[in-house]
Amino acid sequence: MSKVISLSEAIKQYLHDGDTVYAAGFTHLIPFAAGHEIIRQGLRDLVLARATPDLIYDQMVAARCARKVIFSYMGNPGVGSLRVVRAELEAGHLEWEEYSHFGMISRLQAGAAGLPFMPMNPTAAGDLERANPRYRTVTDPFSGREVVVVPALNPDVAIVHVQRADQDGNAQIWGIIGEQKEAAFAARNVILTAEEIVDEAVVRSDPNRTLIPGFIVDAVCYVPYASHPSYTQGYYDRDNTFYLEWDEISQSRPRVQAYLDEWVYGMKDRAEYWEKLGPTVHARLKIASRPSATVDYGSY
Amino acid sequence: MIPYSSPELMTINAARLLRDGDVVFVGVGLPNLACNLARQTHAPNLLMIYEAGVIGAQPARLPLSIGDPTLVSGATAVCSMYDIFALYLQRGNVDVGFMGGAQIDRYGNINATVIGSYDHPKVRLPGSGGSMEIAAWANRCYIITPHQKRRFPEKVEFRTSAGFLGGRSERDRMHLRGGGPQAVVTDLGILEPDENGELVLAALHPGKTVEEVKANTGWELKIVPTLRTTQPPSEEELRILREELDPTGIYLKGGG
């Protein structure tokens, strides 16, 4: 049965005030279109989890969607400070829970595997483990040594952007695969946005590339260019210029509000947003082709 | 001697620390440039891996973020973030890690988290990212940073990643698999840990003085008995950096 619905319908149906959300993707495939739709629908008190909050959570925090962030690196990647989230933390307006990347990803790995926690070797750094009581240590029953553990993270909703999916939600991703698979398996509900909805036969022609099986997916939304200003490998480039511009914009809250008014509240959907970006931006994000050699699965 | 900027000087000196065949956990910016420079000079078999889960990257253009798509196209492998930290770093497959941070202390501990109290931060910094585990588990760690007093306090306010803790014996007792910081490359010279894990001045860059370094270090800095002077950047090193790796000077300009 087809799970294809509009993004606005998917957010309406699966996301509720107070939910824990994991909008997946490490630099790559960040689901900005879904973030903007969440802002437009005015969701509140969300717990926003991501290894790198990135601009998507900076914007959602600015739009007052969040009560708390869970993260492991809070910067504007390649640029510097993530100004809105940082200012809200410094002002005491936003709760936070912090890990190292490995701690954060281990939480998802545990959540995805149905385990209560995940062990890691000690790092001896100490201070973050003291600051965040959800870091614990246990004794390895085999060696008697101490290991560090973090609890499973099971978000209410994972949002994952993919290159292509079929209408059942079998999703194929290539390029940096970050924590998309883990987020999807860890979450209670999974919303996909896809650059392309393809025939099931396309998926079946290359099953090794399917990271997320359709049966754990709830909604499939056809949203080309959904990850701008992040990128989709093989489809369009990262908009590094915008990441720099956001550094300027986010130095002033009125400018952030003006940005949200113009580019989020003022837009009906991602198609309108992409159109508004215009030919200069489209040209800057265009990439040349570099296809892989095909593999032969054989006919049996 | 050709004039050069501080970032160029630091990048070239960091590149010289890398060995042919090293597996390096790379960050963007100067470490990425240092690795590419080493690969094009004395270390053609250097293997670059990125915390985004990219192995054997051969970036065709200058990567502008840790997850730049140019890292993926032409790489030998891509894996999940869990795999890069678990199978590659934790398992012991990484020779070299590069670190940065707002503060580096006497024993090479790094603060990348907060200035002021953790719960009521005066300045909230980005946090660990991959650095907590890199510092613990890479065989050798190198730090690249400008030499300023505020960056070199006697003791970090928050220990995001472990250097030698309170001294080498303390780190030894923790049985970490990595060897800890091996060198801090600054725009004035190179600090290295002594037998007690304390960072001491091991080399000066051409034209820099011990007094300058001392004035910009927040503890009573010791000097090794046989203080070295680094070789000035060569014409070839500067050419590769300027013409091939960062032609528009995104990372290498400035700093004088």
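A: Let us begin with a loop: B:Leu165 sits in the loop between β10 (140-144) and α6 (168-173) of chain B. Helices (H or I, at least four residues) and strands (E, at least two) are DSSP runs, numbered from the N terminus. This is a predicted model, in which local features need pLDDT of at least 70 and side-chain atom pairs count only at pLDDT 80 or more, while totals for chains, interfaces and linings use all residues. Residues are numbered from 1 along each chain as its sequence is written, and chains are lettered from A and ligands numbered from 1 in the order in which they are written.

Q: Is B:Leu165 buried or exposed?
A: A residue is buried if 20 or more other C-beta atoms lie within 10 Å of its own, exposed if 12 or fewer, and partly exposed in between, with C-beta atoms placed from the backbone. B:Leu165 has 22 other C-beta atoms within 10 Å, so this residue is buried.

Q: Where is A:Ala124 found?
A: A:Ala124 lies in the loop between β7 (117-120) and α6 of chain A. Its phi is positive, near 70°, and A:Ala124 counts as buried because it has 24 C-beta neighbours inside 10 Å.

Q: Which residues does a cis peptide bond join?
A: The bond joins A:His228 and A:Pro229, with omega about 10°. A:Pro229 belongs to the loop between β14 (219-222) and α9 (240-249) of chain A.
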